Amino acid sequence: MKISVIGTGYVGLVTGTCLAETGNEVLCIDINEDKVKQMQQGIVPIYEPHLDVLFERNIKANRLRFSTSLEEGLKHGDIIFLALPTPEDEDGSADLSYVLGAATDIGKLIKDYKVIVDKSTVPVGTSEKVQETIAKETDVPFDVVSNPEFLREGFAVDDFLKPERIVIGSSSDRATQLMEKLYKPFVRSGNPIIIMDEKSAELTKYAANSFLATKITFMNEIANFCEKVGADVDLVRIGMGTDSRIGKRFLFPGIGYGGSCFPKDVKALHKSGKENNYDFDILNSVIKINDVQKKVLIPRIVSYFNQNLKDKTFAIWGLAFKPETDDIREAPALYIIEELLKQGATLNVFDPEAMPNVKKKFGEQLNYTSNMYEATKNADALIICTEWSIFRTPDFNKLKQNMSQPAIFDGRNLYDVKDMKSTGFYYNSIGRQAVN
Ligand code: NAD
C-alpha cells in the first residue's frame, strides 16, 4: 500500500519505518527541514532502540522516503497518517492547531479519495472537527479514522511491530477495511484489532494513559505513607502486585511520571471533562500529587545539607524522563535541576542519551560529563533521576573515592536498602527508610 505519514517524530518515524518494514511504500513528511535533510542522509534524528536497523534497511529498499512537501504526501499516500504534536495548551487542554492546520492544508490539496488517520492523541470529538475542517475546503470524498497509538518510547519498534491491540475508530466500512488490511501483518499472533466508533477510540487512549498515571500516583502516595509509618514500599508493592487483579506492572514508586504523554494527556482529559460538565476529581488529585512528587527529593536534600546548597556540588544520574530514550519532555530531572540551580548548587550531570537535549535547555549552567563516574567527582551527593540499567550496579568504592561526601538520593529505588547499609553511604530513597 502507499502510505504517507505527516509528522516524523517519535510516533511518526516509528510508524512510517515499521509500515515500510511490512512492504508498504512510505513517504514521511515533516515541516522541520533540518530533520528531513538528516533523514534523507540516512541519519535517525531521535534515539529509539532498534529503529536504526529498520530505518536503514527500508531506505535501501526504497520503501521509505522523506520530504517536506505536504503536496507530495497527498499525491503519494492512499492512507495519510497524522502523527502531529498535540501539546498542552495554556489552559491544560490539548492544542489542536497542528492537527487542524494540517487538516485545512489537506482539504486544499486533496485530489482523490484518501483515508486520513489520526494517530495523534486527541480529545473526544476531534475526528469530527478534522472531518469538518477538510470538508470546508473540498468536495473530494475522504474518510477520517481515529487510530490512537500505544507505543512506549524505548520499546517503540517492538510495540509497533507486535502491538497488544490496535484500536480503530471509524464509521466507514471502506476505511475500516483498508486499515485492517494494513495492520493484518502486525497481529498474526492473534492480538485483536478492535473496531469502534471514533469517539470511543479517542477516549480509549486518554483513559489508558490517565489510568496508568493514576496507578503510578497511587503507589507514590503509598510510598510517601510508608515513610511516615516505617513500612517498606518494596515489600508492599510485591505483596500487592501478586494479586492478579492488580498486576505487578506500573507499581514502582519514584519521583513522579513525566514524558511527552502522561502529563499532558491527564490534563487534557481533565479539561475535556470540564468542557463537558464532568468533574474528573480523581485526575485533579493525580495532577496535584505528581507536581509535588517531582520535587519530593528537594526538601530532603536541603535538610541534609542544613538549608544551604550554595557551595555544594551534586552529581545527577539520568536526565531523560525514563530509560532508553533521549526524550526530556516533562522529565522529573529538569524540575530537580531547576530547583537546585535556584539554590546556587553546582551540578555535574550524566545521561547516556539525553545530554544534547538537556544542553539545548540549560546551556552552560551545567557541567556535562562523559561518564557516570566523572559526574561524581567532588560531589557532595549523588541524585538518581532515571533508572538506566548502567546505574544499577555501580562500584560503590569508586563512588566513595570520587565524592566529597558519601550520600545518595535515589528517586528510582535502584538499590537494596539492606545492601546499602554496608556501603557506608547515606542512602535516601522513595517509600523506604533512609539508612546511614
Ligand atoms: P514529536 O514532537 O516527537 O513529533 C512531531 C513531529 O511533527 C515533529 O517532527 C514536528 O517537526 C512535526 N510537525 C509539526 N508540525 C508539522 C506540520 N504542520 N507538518 C509536518 N510535520 C509537522 O511528537 P510525538 O512524540 O511523535 O507525538 C505525536 C503525537 O502522538 C502526539 O499527539 C502524542 O501525544 C502522540 N503519542 C506520542 C507517544 C510517544 O511516546 N511520544 C506515544 C503515543 C502517542
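Colleague: In the largest nonpolar core, which residues touch the most other members?

Modeller: Keep in mind that we're looking at a predicted model. The largest nonpolar core has 63 residues. The ones that touch the most other members are Phe314, Trp317, Leu340 and Ile383.

Colleague: And which helix gives this core its largest share?

Modeller: Domain 2 (205-293) and domain 3 (297-428) each supply at least three residues to this core. As for helices, the largest share is five residues, and they come from α14, residues 332-342.

Colleague: How many residues are in the other core, the one that lies apart?

Modeller: Among the members of that other core are Leu19, Val36, Val157 and Tyr183. It lies apart from the largest one, and its residue count is 37.

Colleague: On to the ligand. Which residues around it come nearest?

Modeller: The shell draws at least three residues from each of domain 1 (2-196) and domain 2 (205-293). By class, that shell has ten nonpolar, eight polar and seven charged residues. Of the 25 residues around the ligand, the nearest are Asp30, Lys35, Thr86, Glu153 and Lys264.

Colleague: What percentage of the ligand's accessible area does the protein cover?

Modeller: On its own, the ligand has 830 Å² of accessible area. The share that the protein covers is 87%.

Colleague: Is Ser172 buried or exposed?

Modeller: Ser172 sits in the loop between β7 (166-169) and α8 (173-183). Its side chain reaches the backbone nitrogen of Arg174 at 3.4 Å. The relative accessible area of Ser172 is 11%, and buried means under 20%, so Ser172 is buried.

Colleague: Is Gln307 buried or exposed?

Modeller: Most residues other than glycine have a negative phi. Gln307 is not a glycine, yet its phi is positive, at about 65 degrees. You'll find Gln307 in the loop between α13 (297-304) and β9 (313-317). Its relative accessibility is 59%, and the cut-off is over 50%, so Gln307 counts as exposed.

Colleague: What about Glu330: what is its phi near?

Modeller: Glu330 is in the loop between β9 and α14. With a relative accessible area of 29%, Glu330 is partly exposed. Glu330 is a residue other than glycine with a positive phi, near 55 degrees.

Terms used. Residues are numbered from 1 along each chain as its sequence is written. This is a predicted model: local features need pLDDT of at least 70, side-chain atom pairs count only at pLDDT 80 or more; totals for chains, interfaces and linings use all residues. Side-chain values use heavy atoms; hydrogens and water are left out. A nonpolar core is a set of buried Ala, Val, Leu, Ile, Met, Phe, Trp, Tyr and Cys residues joined through side-chain atoms within 4.5 Å. Buried means under 20% relative accessible area, exposed over 50%, partly exposed in between (1.4 Å probe, protein chains only). Helices (H or I, at least four residues) and strands (E, at least two) are DSSP runs, numbered from the N terminus. Domain bounds come from an automatic or database domain assignment. A residue is near a molecule or strand if one of its heavy atoms lies within 4 Å of it. Accessible areas come from the Shrake-Rupley method with a 1.4 Å probe; for residues, only the protein chains shown count as cover. Ala, Val, Leu, Ile, Met, Phe, Trp, Tyr, Cys and Pro count as nonpolar, Asp, Glu, Lys and Arg as charged, and the others, Gly among them, as polar. A polar contact is a pair of N or O atoms within 3.5 Å; within protein, one must be able to donate a hydrogen and the other to accept it, and residues adjacent in sequence count only if both atoms are side-chain atoms.
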